[in-house]
Number of protein chains: 2
Amino acid sequence: MANITKKVSWSSRPDETGATGETTPLLNGSEQPRHSRQVELMSGEGAIFHIGRHGAGDLEEEMTTEEVKSEGRPKEIPHNEKLLSLKFESLDYDNIENQLFLDEERRMSYMGFRCLEISRWVICALIGFLTGLIACFIDIVVEQVAKVKYNVIKENIETFTEAGGLSISLILWAVLNCSFVIVGAILVAFFEPIAAGSGIPQIKCYLNGVKIPRVVRLKTLVVKVCGVICSVVGGLAVGKEGPMIHSGGVVAAGVSQGRSTSLKRDFKIFEYFRRDTEKRDFVSAGAAAGVSAAFGAPVGGVLFSLEEGASFWNQMLTWRIFFASMISTFTLNFVLSVYHKKPGELSNPGLINFGRFESDVGDFFTSIFHSSTVLQAELLLCLMSAVLFCRYVHRPCLQVMEATLVAAVTAAVSFTMIYFSNDCQPLAPDNTEVYQLQLFCADGEYNSMATAFFNTPEKSVTSLFHDQPGTYNPLTLGLFTLTYFFLACWTYGLAVSAGVFIPSLLIGAAWGRLCGILLFWCSTWADPGKYALIGAAAQLGGIVRMTLSLTVILVEATGNVTYGLPIMLVLMTSKIVGDYFQEGLYDIHIKLQSVPFLHWEAPATSHWLTAREVMSSPVTCLNKIEKVGTIVDILSNTSTNHNGFPVVVQVMEGDVVILCGLILRSQLIVLLKHKVFVELARSRLTQRKLLLKDFRDAYPRFPPIQSIHVSQDERECMMDLTEFMNPTPYTVPQETSLPRVFKLFRALGLRHLVVVDDENRVVGLVSRKDLARYHLGKHGLEELHLAQT
Amino acid sequence: MANITKKVSWSSRPDETGATGETTPLLNGSEQPRHSRQVELMSGEGAIFHIGRHGAGDLEEEMTTEEVKSEGRPKEIPHNEKLLSLKFESLDYDNIENQLFLDEERRMSYMGFRCLEISRWVICALIGFLTGLIACFIDIVVEQVAKVKYNVIKENIETFTEAGGLSISLILWAVLNCSFVIVGAILVAFFEPIAAGSGIPQIKCYLNGVKIPRVVRLKTLVVKVCGVICSVVGGLAVGKEGPMIHSGGVVAAGVSQGRSTSLKRDFKIFEYFRRDTEKRDFVSAGAAAGVSAAFGAPVGGVLFSLEEGASFWNQMLTWRIFFASMISTFTLNFVLSVYHKKPGELSNPGLINFGRFESDVGDFFTSIFHSSTVLQAELLLCLMSAVLFCRYVHRPCLQVMEATLVAAVTAAVSFTMIYFSNDCQPLAPDNTEVYQLQLFCADGEYNSMATAFFNTPEKSVTSLFHDQPGTYNPLTLGLFTLTYFFLACWTYGLAVSAGVFIPSLLIGAAWGRLCGILLFWCSTWADPGKYALIGAAAQLGGIVRMTLSLTVILVEATGNVTYGLPIMLVLMTSKIVGDYFQEGLYDIHIKLQSVPFLHWEAPATSHWLTAREVMSSPVTCLNKIEKVGTIVDILSNTSTNHNGFPVVVQVMEGDVVILCGLILRSQLIVLLKHKVFVELARSRLTQRKLLLKDFRDAYPRFPPIQSIHVSQDERECMMDLTEFMNPTPYTVPQETSLPRVFKLFRALGLRHLVVVDDENRVVGLVSRKDLARYHLGKHGLEELHLAQT
């Protein structure tokens with residue numbers, strides 16, 4: 001892949017002109033070579049200004065043969081980490097403060113703002129409540145169905161063991177599992193492919209400001225919930241925790257908008273919140289509520305949201321997010337306690353509970369010092385995972401077949417391991433184990449391997465943490481780890497809804513406990529349960545690299561703050577060592593999708609770059625009073641598909657054209673739809689004035705330009721953009737360094753940043769892709785290619 | 001005070017011209033009426049431009065008689081919440097990206113940045129370690145001295161009780177306490193007045209971007225630590241937790257700079273971090289480490305830092321802050337465990353530990369429902385506190401005398417209460433109570449009131465939380481609450497180093513337990529310990545209003561996440577009800593000092609205002625190549641004392657003057673000191689080029705302009721600012737709304753924001769004071785007066 005990395009020679013190519021503005025997905029799906037987009041100049045009565053230096057040729061000359069070749073066949077490399085896709089739109093996390101918006105805000109009284117604030121709290125409470133309920137629903141359904149499955153298989157085994165025909169039991173088991181998985185896979189593959197996986201990378205992108213199509217729709221939620229239930233019951237090596245984060249996000253997006261576009265119901269409430277900024281805030285609350293319900297970690301949830309979308313920290317918002325998290329974990333706790341018929345205990349704060357650890361400085365230090373040993377191994381795992389995860393099967397039928405195959409193999413492998421295992425453990429006197437199979441063990445004993453496979457992974461993790469030394473046979477543990485590891489790798493990337501948290505925890509815990517047992521033979525003062533905890537943390541940290549929030553989540557899940565420091569050190573080590581080889585799983589995901597994701601800061605060595613080099617130019621500008629035909633032509637131009645247009649005005653008898661605003665494609669489309677033309681306003685005096693409500697009603701699914709009919713007469717009309725454009729867009733001079741542009745962009749959640757010269761003339765436009773292009777590679781600063789796919 | 005609130009009539013006064021730029025404290029201390037500063041126009045060969053509309057008269061015309069009067073006697077109202085002081089400088093949390101800085105960054109390799117990152121981590125570890133050690137030192141010294149004091153008094157009582165002369169014991173007690181308090185008060189009043197109180201408002205201001213003189217000096221730290229020890233041992237109603245936050249901040253500021261100006265030692269390390277942005281980051285880590293050491297709450301510490309200075313959220317930074325917190329609590333835990341001779345236990349994560357609470361849904365719900373009852377009472381307390389706190393004694397001798405008086409009264413009251421109390425409790429069989437006095441109790445019993453007064457407040461809080469129902473006599477508890485409440489009120493605001501956390505917790509816990517006991521009589525299912533917890537949370541929340549971070553701190557201190565929701569609900573209720581009457585204690589403090597503190601967001605109803613109304617104008621601008629005499633004159637002008645100067649350049653044959661940069665007073669002073677004049681550079685070719693190092697060496701104590709000698713010849717020289725000015729200052733157009741300006745200012749941590757017109761000409765400057773002036777009062781948006789004091 002290195003052959004398509006273009007080395008950047010800054011001094012020789014100061015005039016690089018990139019893509020102009022942002023683009024929507026091409027409707028015809030055809031490929032446009034990158035440099036061809038720069039030569040399309042439009043003309044029309046001075047209406048459009050193309051400002052900028054025409055250096056389009058420079059780029060082509062510097063390309064090597066390989067580069068040209070690789071650009072010529074982009075369909076063969078649809079997912080490539082050296083490309084940046086132009087198909088993703090950005091979200092607008094900066095309020096569009098146009099005249100309409102300001103008028104509305106000014107009309108609003110102080111009480112009005114108070115009411116808005118109260119509704120925000122109500123929405124957050126609702127989000128927390130519903131997310132908690134969804135978590136309960138998943139948990140209870142999984143438990144009930146798993147119980148039925150266990151009973152059927154147990155009966156079958158008991159019947160057939162005597163007849164010596166265990167293969168029939170195996171087939172029954174495999175068929176049961178496969179049928180669950182098939183249902184889940186069909187749902188995902190055919191109805192909503194975005195619901196595959198945990199959804200965490202998608203939520204990360206959303207909070208970062210990238211619009212992933214259909215990611216917060218109701219249909220996605222339904223498919224996700226059913227899919228998770230199917231894949232967990234189907235016995236795949238997956239968890240139900242990760243998807244909760246996505247589910248919380250969808251709930252939040254739905255509740256906060258007060259309507260469902262899918263169900264075509266508009267409750268006419270919360271209309272004020274129908275814009276990207278507000279919706280983003282609620283989605284981050286939803287994600288936090290999801291984390292909170294999954295791990296019983298409300299603070300961890302808040303930190304997760306902050307870690308992923310933190311350009312917008314704000315005291316009140318954070319407090320609301322925390323509130324949603326609290327409500328969510330409390331709802332789950334209460335409902336599950338009632339379900340388990342112990343309503344007073346409140347002992348289920350999350351879907352997974354690690355149980356309480358008591359602190360002991362001896363183990364504590366050994367944990368730290370031996371964690372490095374554990375880590376070496378974890379890293380190998382992590383690396384292999386990363387390699388194995390990179391699989392892409394794209395046809396839905398094949399996806400379903402693959403999932404079925406994985407389910408069948410999982411069942412077969414599990415069964416084989418149980419069959420050949422002779423690790424018999426005595427039955428506990430109080431019969432606490434729910435899923436026990438005697439198989440070939442003596443009376444009063446049960447097969448511990450069978451328990452490990454029949455148990456939910458959550459219970460296995462807890463028992464690895466807490467069971468007395470001696471409970472597990474090292475060989476069983478080793479075999480289990482290895483098998484489960486390969487199964488988890490294979491399972492990941494299937495078209496099923498499933499999380500990677502629990503498999504990682506389980507593999508790490510098993511591996512860690514194994515290390516603990518081996519050390520236990522040398523010295524008697526090591527508690528293998530604590531090694532399991534450290535191993536689980538290292539494994540999970542090596543895979544997701546979430547660092548801060550993960551530390552807090554794990555500390556909250558263990559309920560002992562003393563473990564904070566060792567867990568943090570382990571996570572740090574695993575991140576540092578892991579980063580040396582490969583990025584985290586979610587980042588790999590995002591990169592493979594070529595999403596223009598903005599990290600926290602500009603690359604360290606990017607002070608060489610200035611806005612002049614980074615920006616896209618020439619820029620398509622509009623006049624303050626513009627001809628309708630011109631606007632339609634610009635919007636219809638599928639080769640550019642710009643989303644933001646600087647509005648300019650002529651001063652000093654027309655020889656200088658200065659910036660006076662910025663308008664978005666979506667706004668122009670609403671204006672065209674309502675035919676807000678100067679001539680019509682004059683002739684039809686009764687025509688109602690366009691309100692902010694009209695924009696809100698169209699949000700977020702603005703119609704494409706093709707669906708709007710403009711007659712030949714109307715094309716000659718003029719449109720006055722004054723009221724609708726944002727009259728005070730943020731601007732930077734050309735000499736501004738990239739880190740400074742980046743900071744402004746990230747801190748304010750911008751979508752477009754206008755670059756102006758000394759006299760306030762538009763010379764370029766910086767969009768998300770222009771910044772995301774630069775990243776720190778092995779050989780210093782690298783520039784990614786832009787691709788239309 | 002309402003008479004000096006000027007109602008703002010926006011429509012009639014669009015031209016209000018405020019103070020230009022920012023001002024340093026007036027050296028002569030004389031009072032300059034606000035409007036007189038605007039008419040001083042300087043001339044000199046076209047060197048200075050006064051751009052803007054001359055509307056200075058408008059203000060005066062609208063002032064009522066009272067307003068003029070109140071402006072005429074500012075010395076009589078030195079502390080007034082309707083004024084905004086101009087004496088506070090701002091900190092520069094936006095990097096000054098001038099030519100020197102960019103050159104340095106560009107020269108630095110990727111490895112260089114890695115090394116910087118590693119040193120940041122090392123510094124954070126050091127900060128955590130030292131903060132933890134300071135906490136240990138305070139704790140151990142207090143314990144040892146208190147033990148000596150107790151033994152002396154106990155012996156004395158035992159000797160004299162038989163002789164019937166308890167009054168001698170009283171005198172001994174009072175004298176002992178007073179002498180400790182006198183030492184503490186003398187240290188604070190005569191050596192470092194800024195070390196008074198908890199220091200939390202000061203750290204809040206620092207993180208917000210206001211420079212409070214001497215707040216992070218070594219001397220302050222020494223005085224603070226000694227002062228805290230003295231006041232706690234002196235038996236005042238104070239805690240040692242609050243000051244830890246300030247101490248942590250000072251440690252951080254010291255360690256991160258790699259030198260001590262007070263000790264005149266420069267270790268020549270960490271020179272890169274000698275600027276406001278980096279220092280602020282470390283101070284926030286120090287504050288977090290302080291919280292962490294005080295309460296054993298590392299996550300709470302991180303959230304405290306975020307809550308107070310969160311315009312700068314960044315993943316790596318937050319993780320470093322968390323690391324410092326972890327190290328801090330671990331150091332404290334480890335050292336204290338070794339000190340208590342139980343090195344393996346690690347049971348002291350913080351200076352105060354609440355002990356473990358077990359969750360139980362019954363109490364849980366009652367807590368919630370009854371917390372509102374508790375709150376009503378808390379609020380009264382809170383209100384009274386606020387009134388009582390507003391005391392200001394300014395002469396050091398009087399301050400020491402007052403502190404002594406309080407100490408004597410505290411001792412007398414305590415003694416009286418012990419004397420008249422007949423609440424005898426049986427001695428515990430295992431003799432766990434350290435401080436027991438038999439007094440008039442039967443053998444085998446001890447006086448519980450005496451224990452309450454001799455114990456450290458931390459232990460009293462814990463025993464209120466955890467002791468069995470029936471341990472406390474309601475009458476004792478009621479008396480204790482009332483007495484302690486009045487003592488705490490009186491003590492607060494004394495010139496001693498002391499925190500308000502513990503007294504609040506103690507009062508709240510006593511009051512809550514009292515409610516619990518009363519309810520216990522009606523129903524038997526209420527655990528008074530839990531009421532104590534809820535009461536403590538409500539009381540503390542009502543006083544400090546820290547909300548989010550406080551919830552996490554309390555949850556971490558109780559070690560049970562199930563208490564999160566009730567604690568949060570209680571804190572929310574107490575904040576909502578409290579805000580209705582009065583702001584939080586720290587905010588009252590900040591307001592009384594007239595600090596220009598920027599809150600999270602612009603007031604909700606401020607969309608009416610635009611940059612045009614908010615900005616200061618006219619602005620004193622400098623030419624890119626400026627005459628030295630002019631610069632000296634501008635800097636010497638004590639009536640304006642601007643701190644930031646836009647740099648302009650003439651284009652188009654001199655008829656348009658456009659913005660090309662921004663330069664700070666401190667930079668100009670360094671330039672003058674090193675005589676960086678164009679003529680000298682030409683004549684002395686060997687003169688070394690000014691480096692960034694020269695600015696760093698002068699940081700943060702730049703000499704005043706008066707100390708720099710410029711000869712008459714040199715006055716005629718020219719200075720070239722091109723290399724030193726920030727060539728890309730952030731700008732906004734005049735029509736930008738206040739919320740938008742505010743967001744930009746807050747998100748980027750700006751100090752100056754240049755307002756330009758359509759053609760990039762400077763029309764105004766927005767500084768911190770211009771934004772902090774507007775606040776939401778009872779009657780809508782109010783505007784504060786600016787005052788030189």
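Me: Two strands count as paired if DSSP finds at least two bridges between them. With that in hand, which strands form an open sheet in chain A, and in what order?

Reply: This is a predicted model. In chain A, three strands make an open sheet, in the order 15-16-17, and their pairing is mixed.

Me: Which are the edge strands?

Reply: Strand 15 (731-733) and strand 17 (762-767) of chain A, each of which pairs on one side only. From one strand to the next, the twist averages 30 degrees.

Me: In what sense do strand 15 and strand 16 pair, parallel or antiparallel?

Reply: Strand 15 and strand 16 (residues 752-756) of chain A are parallel, with three bridges between them. P733(A), for example, stands opposite V756(A) in strand 16.

Me: And what lies across those strands?

Reply: Helix 28 (residues 738-748) of chain A lies across strands 15, 16 and 17 of that chain. Helix 28 runs at about 145 degrees to strand 16 of chain A.

Me: Different spot. Which residue is the bridge partner of L622(A)?

Reply: V647(A), in strand 12 of chain A. The strands concerned are strand 10 (residues 622-623) and strand 12 (residues 644-651) of chain A, which pair in the parallel sense over two bridges.

Me: What stands opposite V647(A) in strand 13?

Reply: G661(A) does. Strand 12 and strand 13 (residues 656-664) of chain A are antiparallel, paired over eight bridges. So V647(A) has L622(A) as a bridge partner and stands opposite G661(A) as well, because strands of a sheet pair through backbone hydrogen bonds, either parallel or antiparallel.

Me: Now the two chains. How many residues does the contact take from each?

Reply: 64 residues from chain A and 63 residues from chain B. On the side of chain A that touches chain B, helix 11 (residues 315-339) of chain A gives the most, with eight residues.

Me: How do the residues on that side of chain A divide into nonpolar, polar and charged?

Reply: There are 34 nonpolar, 18 polar and twelve charged residues on the side of chain A that touches chain B.

Definitions and conventions. Residues are numbered from 1 along each chain as its sequence is written. Chains are lettered from A and ligands numbered from 1 in the order in which they are written. This is a predicted model: local features need pLDDT of at least 70, side-chain atom pairs count only at pLDDT 80 or more; totals for chains, interfaces and linings use all residues. Helices (H or I, at least four residues) and strands (E, at least two) are DSSP runs, numbered from the N terminus. Axes are lines fitted to C-alpha atoms, for helices over the stretch in contact, and angles run from 0 to 180 degrees between N-to-C directions. Two residues are in contact if their C-beta atoms, placed from the backbone, lie within 7 Å. Ala, Val, Leu, Ile, Met, Phe, Trp, Tyr, Cys and Pro count as nonpolar, Asp, Glu, Lys and Arg as charged, and the others, Gly among them, as polar.
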